[in-house]
Structures are given as structure tokens and as C-alpha cells.
Amino acid sequence: MNPMRRTGIILLTALIISLFFCFAAGADTGALRFPPPDFESGYEMPATETPPSASDIYEYLAVIVLAAVLGLGTYFVFTKRKRKYIWGLMIFSLAFFGFWRRGCICPVGATQNITLTIFDQGYAVPVVVIILFLLPLVLSLFWGRIFCGTACPLGAIQDIVLLKPLSVPYWLEVPLRLLGYVYLGMAVLLAVTGAGFIICRYDPFVSFFRFSGSLGALMLGGAFLVVGIFIGRPYCRFLCPYGILLRHLSRISKWKVKISSDECIQCRLCEDSCPFGAIRQPTGEASGEELARRKKMLAVSIVLLPIIVFAGGLGGARISSLLARAHPDVRLADRIYREESGEVAGTTDQSEAFRSTGDQSIESLYELSAEIQATYHQGSRLLGAFLGLVVAASLIRHTVRRRSREYKADPSDCLACGRCFELCPNERLRRQRIKEEEDLRVG
Amino acid sequence: MGEKGEKHKERRAFLKEGLWGVSIAALGGLAGFALTSSSEKKTVWQIDPYKCNSCGRCETRCVLAQSAVKCVQVKAICGYCDLCTGFFESDPVELDTGAENLVCPTGAIQRSFVEDPYFSYAIDEDLCVGCARCVKGCNAFGNGSLFLQIRHNLCLDCNECAIAAACPAQAIRRVPAEEPYILKEVK
């Protein structure tokens with residue numbers, strides 16, 4: 001290395017630094033440190049390229065395709081009643097909504113956009129997102145969870161890996177389902193406070209659709225798929241926050257997916273056909289003793305309801321400061337506070353960025369953080385109470401005895417996949433009849 | 001039992017109908033409310049170059065294998081410096097275009113002679129990984145004509161931008177798709 005040159009560079013750097021300080025006052029008014037030259041050689045400055053984004057047409061295309069898939073899905077599940085068609089439609093959705101559209105934006109994630117638009121007046125949600133969010137929900141009020149079985153790419157990718165289904169015992173399935181309520185509640189709380197969209201952040205399968213993602217995301221997705229070989233659609237059943245909404249609307253839907261198109265002959269063939277634990281057995285007549293016992297349990301659960309809700313609220317309030325740390329401003333304020341008080345040395349990228357812009361005073365940051373924490377205090381109390389209500393309602397529901405004389409698909413659990421149709425002897429007869437009629441017509 | 005059972009059934013059916021009506025009304029209300037604050041305009045993610053502190057997360061946090069964030073150059077701001085601190089390391093071994101002397105890890109900045117003593121710098125976006133090292137250099141001692149932008153021919157428009165969630169300066173926000181870039185301007 002040429003020492004002369006080195007000295008030259010150091011000098012130059014020093015010059016630049018001094019220039020920087022000279023211009024520091026000027027920087028505020030926007031003056032450039034090195035004014036652009038007047039070229040004499042006729043050089044013309046090229047403009048900065050700004051490649052446009054994909055056209056809106058693709059967004060509307062997604063809405064149209066979703067409507068078509070849901071319509072066709074309803075027809076396949078209720079009229080055609082053939083697993084093969086439903087499966088084909090599901091694969092199409094996996095290809096289109098998953099691998100072609102690469103995930104975003106989907107009705108599941110849209111839950112957060114809709115939440116945010118309700119609570120944040122400054123946020124304008126695109127109309128497409130509203131339609132995507134509402135279409136499957138409205139449909140579920142008429143025909144149940146057609147979306148889950150035919151249109152959702154997250155469900156489809158789990159459905160195709162389900163090779164060796166094991167049944168989850170009911171006593172385990174019910175508490176596991178609560179996870180979905182926790183996830184939904186957290187997602188709503190974090191969306192309301194502007195801390196981010198956790199449903200999208202922790203989406204386990206979207207990295208497969210994009211063929212890229214962080215190692216953590218790929219491992220999470222891989223784990224779900226490995227579990228999904230044995231446990232049917234673990235994400236849909238135990239975590240999906242949108243599934244929670246669909247579950248409750250499907251419970252009161254106008255028409256319900258029926259295993260048999262005719263009267264159930266109780267052959268028990270369909271009993272083990274549902275990998276999602278949606279088929280309920282006939283109950284038979286209850287003894288007086290059992291009825292008395294259930295009445296007692298119901299009374300106890302009703303008494304417990306306010307207690308559980310209250311306890312949930314208390315528990316929620318206790319963890320509110322922990323939840324509030326999900327918000328970047330709260331974390332930043334905490335960091336700045338600890339830097340100011342000398343508890344920690346040095347800065348992070350966050351605190352450095354905050355200090356260097358100087359747009360906001362430290363006091364106003366503390367104020368903002370306190371405001372957000374107050375919101376979290378209220379929010380997590382409500383979240384806790386909501387979860388308590390869910391637990392208590394589940395208790396009550398399980399004490400009430402529902403009489404049924406046939407094998408039925410529970411509309412809240414049924415994902416309209418059509419697996420049970422294939423095994424029902426009534427269905428076989430029906431299909432044979434249709435085939436004979438068709439043959440006659442052709443012949 | 002029969003009559004009582006019938007009554008019970010009727011009551012349940014009535015309750016269900018009521019609940020159904022309430023649900024559909026709630027969904028309708030939600031749609032109406034959301035529509036009042038909705039926008040027909042598409043929005044896309046963009047970096048505010050005045051907030052960006054060139055931390056380097058854009059390179060690593062994008063969900064794409066190669067980040068959709070690229071460095072852009074606004075030539076009207078550029079000083080056309082010979083000793084460009086966005087191009088050369090601050091302590092170079094030699095002042096030539098050997099890789100060890102350059103800030104850019106992928107050689108994405110093309111330096112070309114314009115006229116004495118001016119050089120122009122352009123970004124080869126196929127090579128740029130969005131690491132912001134040149135941005136840091138240009139901001140520290142130059143005019144700040146190099147800065148990061150999300151390229152919309154590459155961006156997947158995730159519902160939540162993974163870089164935005166990780167950005168320490170909270171510099172990434174949604175902007176109208178009609179004006180999808182926040183370019184620095186000559187003041």
C-alpha cells in the first residue's frame with residue numbers, strides 16, 4: 001500500500017467529515033454536500049427506474065376464482081356427493097391460491113385486516129379483502145365449511161399428506177381446540193393495537209407456496225406436515241383462527257353436510273372414515289340416572305360460568321405487560337428507558353434509529369408506550385374473559401345431551417371433504433342408480 | 001313426553017332461526033362498516049428512505065430467497081464523486097475496483113467515467129441484494145443519493161411484510177399503488 005495514498009485518503013476523509021459538520025446546519029434546509037456538477041460533455045442524467053406493481057386485476061381474479069370454487073364446491077358436496085370431485089377442486093385451489101398466488105392475501109389472514117379497520121379509522125381496507133373475508137363466512141351460514149374442504153390452500157396441503165390417519169380421542173380434541181381461540185384472541189388483540197399480523201407472521205405453510213422462507217418457518221411448516229401424516233389437518237382443527245369463525249357459523253347453517261343421502265341404516269361403515277373426528281355416533285336412549293347426573297353437571301357448569309370468566313379476566317390482566325411487549329413501541333420505550341437510566345450500555349438498531357431521527361421526544365415516546373400498555377391492560381383482560389367464556393360454554397355444551405338416532409357429521413367439525421360419502425351403502429346404491437340411468441340414456 | 005318434546009323442538013328451531021338472523025345481520029353490518037372505511041385503491045409496501053437507518057435487515061428478512069429490496073440511485077442528487085464512499089471502503093487497500101476495496105459485497109455498483117473529475121454510479125439490480133452497505137456509506141459522507149426501495153416487479157405484497165415487522169426504524173409502510181415509490185427528492 002502506498003503510504004502517500006493512504007495519508008491522502010485519511011486527509012480526504014477528514015475533509016469530508018469536516019465538510020459534513022459544515023453542512024450539518026445546511027442539511028436541515030436540504031442542501032447537498034456535493035452539489036451535482038454541470039456537465040460539459042453533454043452527459044444526461046438518467047431517471048430512476050420505477051417498475052410498477054402487478055395490476056389490480058389479479059386481486060379481482062382471486063375473488064372471482066374463490067366465488068367459483070365455493071359455488072362448485074357446494075355443488076360437489078351437496079349434489080354430486082363425490083369425494084373425487086371435491087379432491088380435484090381442492091388440488092386446484094392448492095395450485096391456484098397456494099402456489100400461483102403464493103398465499104397472500106387469504107381470508108384467514110384477512111381476519112386481521114378487518115379487525116384493524118374496525119378499530120383504526122386511519123386504516124383503509126381494500127374492498128377485495130372485505131369480499132375475500134366475508135364470502136366463506138356467509139356461505140358457511142348456508143352450507144357449512146365448504147371453504148375448508150375445497151378452497152383453502154392451507155387445508156389442502158395438509159389434506160394431501162394425510163396418509164395414515166389416527167383418531168384423536170375426543171377428550172383430547174376438545175381442549176386442543178381451545179388453542180384456536182387463544183390464537184384468534186391474540187391475533188385480534190395484536191391487530192387492534194397495531195403490533196402486527198401474527199397469523200401471517202407464523203403461517204406455517206406459506207413458505208412452501210413461495211419455495212422460500214426463513215429456516216424457522218420452513219421447520220414449523222415441516223413439523224405440521226409430519227404431524228399431518230397421522231393427525232388429519234392439525235392446523236385447521238386446533239389452531240386456525242378463521243376456522244373458529246366458520247365453526248360457529250356452520251353450527252347454525254341452513255343446510256348441513258349429510259353422510260347419507262337416505263336414512264341412516266347404522267351399518268357403522270362410516271364410523272372411522274372421518275380423519276377429523278367430525279362423525280358423532282347415535283346416542284341411544286338415556287337412563288333416568290344419567291339424565292339426573294347431567295342435570296347436576298349442567299347446574300354446576302352454569303354456576304361456574306361467571307367464576308371462570310372472572311378468573312380468565314384476572315389472569316389476562318396479569319399477563320398484560322408481557323403481551324404489551326409484542327408492540328414495537330413498547331419495546332423501544334423500555335429500551336430507551338433502560339439506556340437513559342444507565343441500566344444497559346450501548347444502543348440497539350432500534351434505539352439508534354429513534355435517537356438519530358429525533359422526530360419524537362423521549363417523553364412523547366414514553367407517553368405513547370404508556371397509552372399502548374393501557375390498551376393492552378384492557379385488551380388482555382377482555383381476552384382472558386373471552387377465553388374463560390369459551391371454556392365455560394364448552395363445559396355447558398358437553399353437559400347437554402343431544403339425542404340422535406343416526407351417524408351424523410357435526411357441522412362445526414365437518415370440513416366437507418366427502419370421505420364419508422364413499423363408504424355409505426346408501427350412497428353406493430344411489431350412485432349405482434344414477435349410473436344405470438345414465439347408461440340407459442346413452443343406450 | 002311427545003307434546004313436550006315437540007314444544008322443545010319448536011323452541012330450539014326458533015332459537016336457531018333467531019341466531020341465524022342475528023349472524024347474517026352481523027356479517028352484513030360488518031361488511032357495511034368495513035366498506036365505509038374501505039378503499040378501492042390497492043396499496044403496496046414501501047421504504048421511507050428518510051427514515052431508513054440502513055441496518056441491513058432488508059437483505060435477510062424478506063421472504064424471497066433474494067430480497068425484493070434493491071438499492072436505487074437518484075442521479076439528480078448524486079455528487080458524481082471520484083471518491084464515492086458508497087462505492088469504496090473507507091479504508092481501501094488500493095483505490096481501484098478490486099473487490100477488497102469495494103463496499104458492495106456483490107459488485108452490483110457499476111462505476112463509469114463521465115468527464116474529469118466525475119464518475120457515475122449505477123446499480124445492477126440483478127446483483128444487488130439490498131444489504132444497504134452502500135446506502136450507509138453514501139449517507140455518511142455523500143449526498144445520500146443511494147437508498148433502498150422495494151421493487152414492485154419482485155415484491156410478493158405479503159399481507160404482513162416480514163421486513164416491515166423487523167425494521168428497527170419502522171420505515172416500511174403501505175403506500176398507494178399508484179405512487180408505489182418514495183424517491184428522495186432534490187430540495
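Axes are lines fitted to C-alpha atoms, for helices over the stretch in contact, and angles run from 0 to 180 degrees between N-to-C directions. Helices (H or I, at least four residues) and strands (E, at least two) are DSSP runs, numbered from the N terminus. The model is predicted: local features need pLDDT of at least 70, side-chain atom pairs count only at pLDDT 80 or more, and totals for chains, interfaces and linings use all residues. Side-chain values use heavy atoms, with hydrogens and water left out.

**View 1. Helices α8 and α13 of chain A.** Helix α8 (residues 170-192) of chain A packs against helix α13 (residues 241-251) of chain A at an angle of about 110°, their axes lying 8 Å apart. The two helices are therefore roughly perpendicular (65 to 115 degrees; under 35 is roughly parallel, over 145 roughly antiparallel, and the rest oblique). Contact (heavy atoms within 4.5 Å) involves, among others, Tyr181(A) and Leu184(A) of α8(A) and Ile244(A) and His248(A) of α13(A).

**View 2. Helices α2 and α3 of chain A.** The axes of helix α2 (residues 57-80) of chain A and helix α3 (residues 83-100) of chain A come within 10 Å and cross at roughly 165°. This angle makes α2(A) roughly antiparallel to α3(A). Residues of α2(A) that meet α3(A) include Leu61(A), Val65(A) and Phe76(A), and their counterparts in α3(A) include Leu89(A), Phe92(A) and Trp100(A).

**View 3. Helices α7 and α11 of chain A.** An angle of about 55° separates helix α7 (residues 153-161) of chain A from helix α11 (residues 215-230) of chain A, and their axes are 7 Å apart. The pair is therefore oblique. Ile157(A), Gln158(A) and Val161(A) in α7(A) meet Leu225(A), Gly228(A) and Ile229(A) in α11(A).

**View 4. Strand β3 of chain B.** Buried means under 20% relative accessible area, exposed over 50%, and partly exposed in between (1.4 Å probe, protein chains only). In strand β3 (residues 69-73) of chain B, 5 of the 5 residues are buried, so the strand is largely enclosed by the rest of the structure. Val69(B), Cys71(B) and Gln73(B) are buried on one side, and Lys70(B) and Val72(B) on the other. β3(B) pairs (at least two DSSP bridges) with strand β6 (residues 146-150) of chain B in the antiparallel sense over 5 bridges. Within β6(B), Leu148(B) is the bridge partner of Cys71(B).

**View 5. Confidence along chain A.** The average pLDDT (the predictor's confidence in each residue, from 0 to 100) of chain A is 89, and 93% of the residues score at least 70. Over residues 18-29 of chain A, pLDDT stays under 50.

Conventions:
Residues numbered from 1 in each chain as written. Chains lettered and ligands numbered in written order.
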